[in-house]
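Subject: Structure handover

Hello,

Here is the structure we talked about. Please open it and keep it in view while you read my notes.

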Amino acid sequence: MHNYVIDVPAQAVVPVTTGGVFPVRRIYCVGQNYAKHIAEMGGSLKPEDRKPPFFFQKPSDAIFTGNDLPYPVLTQNLHHEAEMVLAIGTGGKEIGKAEALSHVYGLAVGIDLTRRDRQAEMKAQGRSWEIAKAFDGSAPISKIMPVEDAAKALKDGSISLTVNGETRQSAPLSEMIWSSAEIISVLSTHYELFPGDLIFTGTPEGVGPVVTGDIIVAGVTGLPELNIQIT
Ligand code: MN
């Protein structure tokens, strides 16, 4: 053990449905994992233009597990992206697709909150759009459900998001271009995975803006709902 010479904020954690908390090591996110979302963002679905999904990260303390989320600074166009989240319980690298799901501790639903105006600016300048994705509070997440209770979500689940009761996003998880097993397998060739890693698996079509006062509810079949209000 080290003797810390300064005090630092506590480890980010996510509550687990069966008790206790899941400590967050890294937050990986998958971009462009649903074809209709690629189309709504202006991307081409022509076979010759198609590129595989890709990864980016948010800092672990971007996790938000409260109810009232302050509207972030530096944006006038905050977008919701509902995503199923994999919580890694067993690490590894170059994990084969066949055994990939055995590395999952549990599942949750999260929102990849995005400063869409900043993302568009950065894209136009050919710069990294980290500022659009990796801000404080940018990763609201539900409780994590251990996979033995949540297996239905992986098999035939669907994902949805409502704003003030109106459905904005709704899609079967089977529309994911990379499945959960493929995501873990590919990601583990880029980075060694460790217990505590979270993977946001991408959003379906229907992303859009939220404003102060909005109540957002995101769900995945069989998992606890995520309920937040923008304040
Ligand atoms: Mn996303």
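A strand here is a DSSP run of E of at least two residues, and strands are numbered from the N terminus. With that in hand, find strand β7, which covers residues 78–80. H80 sits in that strand. One caution before going on: this is a predicted model.

**H80**

Is H80 buried or exposed? Its relative accessibility is 0%. Buried means under 20%, so H80 counts as buried. Its side chain makes two polar contacts that I would like you to find. One goes to the side chain of R168, at 3.0 Å. Another goes to the side chain of Q169, at 3.1 Å. Leaving aside neighbours within four places in sequence, H80 also touches other residues, among them I111, L113, L161 and V163. G206, V207, G208, P209 and V210 are on that contact list too.

**The manganese ion**

Which residues hold the protein donors of the manganese ion? They are E81 (OE), E83 (OE) and D112 (OD). Along the chain, their spacing reads E-x1-E-x28-D. E81 and E83 are both buried.

**Q32**

Now go to the loop between β3 (27–31) and α1 (35–40), where you will find Q32. Q32 is partly exposed, because its relative accessible area is 34%. Not counting residues up to four places away in sequence, Q32 touches I38, P53, F54 and I177. Look at F55 as well: its C-alpha atom is 9.2 Å from that of Q32, and the two residues are 23 apart along the chain.

Best wishes

How values were computed. Residues numbered from 1 in each chain as written. Predicted model: local features only at pLDDT ≥ 70, side-chain atom pairs only at ≥ 80, totals over all residues. Heavy atoms only, no water. Helix = DSSP H or I, 4+ residues; strand = E, 2+ residues; numbered from the N terminus. Buried < 20%, exposed > 50% of the residue type's maximum accessible area, 1.4 Å probe, protein only. Contact = heavy atoms within 4.5 Å. Donors = N, O, S within 2.8 Å, 3.2 Å for Na, K, Ca; no water. Polar contact = N/O pair within 3.5 Å; in protein donor to acceptor, adjacent residues only side chain to side chain.
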